[in-house]
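Subject: Handover of a structure model, with findings

Dear colleague,

Please find below the structure that I am handing over to you, together with its sequence.

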Amino acid sequence: MFSIEPIDGITVGGINFNSIDERNGIFSFGMQIDKDFRGKGYGTSAMELILKYAFNERRLNKYYGSTLENNIASHTMLQKTWL
């Protein structure tokens with residue numbers, strides 16, 4: 001689990017790998033942003049960083065994400081960072 005912290009050091013949420021298939025280079029991740037900090041770009045920034053880490057450092061090559069049907073914010077975030 002990685003903490004999501006802006007420059008001021010306040011923890012606003014967390015992101016983690018849910019599963020990693022090293023052999024096939026596939027992974028998924030989960031994220032939680034505290035209610036008071038949602039809609040401010042922290043999730044998108046964290047997702048971009050975790051993808052860079054996964055692809056560049058871990059040499060993974062594919063991720064899959066899912067959201068609950070009514071979670072429009074998470075769905076939009078996945079679309080913004082779709083690679």
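The notes below describe the sheet, the core, the aromatic pairs and a few individual residues.

Please bear in mind throughout that this is a predicted model.

**The sheet and its helix**

Four strands form an open sheet in the order 1-2-3-4, with mixed pairing. Strand 1 (2-4) and strand 4 are the edge strands, each pairing on one side only. From one strand to the next, the twist averages 35°. Helix 1 packs on this sheet and touches strand 1, strand 2, strand 3 and strand 4. The direction of helix 1 makes about 155° with that of strand 3.

Strand 2 and strand 3 are antiparallel and are paired over eight bridges. Within this pairing, N16 has G30 of strand 3 as its bridge partner, and I15 stands opposite M31 in strand 3. The hairpin made by these two strands has four residues between them, and G25 takes a positive phi near 70° there.

Strand 3, helix 1 and strand 4 together make a right-handed β-α-β unit.

**The nonpolar core**

The largest nonpolar core has 16 residues. The residues with the most contacts inside this core are I4, I15, F27, F29, M47, L51 and Y63. Two or more core residues come from each of strand 2 (13-21), strand 3 (26-33), helix 1 (42-57) and helix 2 (72-80). The most is given by helix 1, with five residues.

I4 illustrates how parts of the chain come together. Setting aside neighbours within four places in sequence, I4 is in contact with I10, T11, V12, G13, G14, I15, M31, Q32, I33, Y42 and A46.

**Aromatic pairs**

Eight aromatic pairs are found in a search of the whole structure. In one of them, the ring centres of F27 and F55 are 5.8 Å apart and the planes are at 65°; the angle is over 60 degrees, so the pair is edge-to-face. This pair links distant parts of the chain, since F27 is in strand 3 and F55 is in helix 1, 28 residues apart. F27 counts as buried because its relative accessibility is 0%, under the 20% limit. F55 has a relative accessibility of 21% and therefore counts as partly exposed.

F27 also forms an aromatic pair with Y63, which is tilted, with 5.9 Å from centre to centre and 35° between the planes. This pair too links distant parts of the chain: F27 lies in strand 3 and Y63 in strand 4, 36 residues apart. Both F27 and Y63 are buried. Ring pairs link F2, F17, F27, F29, Y53, F55 and Y63 into a cluster.

**Individual residues**

Which residues does S28 touch, beyond those up to four places away in sequence? They are N16, F17, N18, S19 and Y64. S28 has its place in strand 3, and S28 is buried, with a relative accessible area of 7%.

L78 is found in helix 2. With a relative accessible area of 13%, L78 is buried, because this value is under 20%. Not counting residues up to four places away in sequence, L78 touches F29, M47, Y63, G65, S66 and T67. Among these, F29, M47 and Y63 are listed with the most contacts inside the largest nonpolar core. L78 and G39 are 39 residues apart in sequence, and their C-alpha atoms are 14 Å apart in space.

Is R59 buried or exposed? R59 has a relative accessible area of 64%, which is over 50%, and R59 is therefore exposed. This residue lies in the loop between helix 1 and strand 4 (62-64). The phi of R59 is near 60°, a positive value in a residue other than glycine.

With kind regards

Conventions:
Residues are numbered from 1 along each chain as its sequence is written. This is a predicted model: local features need pLDDT of at least 70, side-chain atom pairs count only at pLDDT 80 or more; totals for chains, interfaces and linings use all residues. Side-chain values use heavy atoms; hydrogens and water are left out. A nonpolar core is a set of buried Ala, Val, Leu, Ile, Met, Phe, Trp, Tyr and Cys residues joined through side-chain atoms within 4.5 Å. Buried means under 20% relative accessible area, exposed over 50%, partly exposed in between (1.4 Å probe, protein chains only). Contact means heavy atoms within 4.5 Å. Two strands pair if DSSP finds at least two bridges between them. A crossover is right-handed if, with the strands pointing away from the viewer, the path from the first strand over the helix to the second runs clockwise. Axes are lines fitted to C-alpha atoms, for helices over the stretch in contact, and angles run from 0 to 180 degrees between N-to-C directions. Rings of Phe, Tyr and Trp (its six-membered ring) pair if their centres lie within 6.5 Å; planes under 30 degrees apart count as stacked, over 60 as edge-to-face and the rest as tilted.
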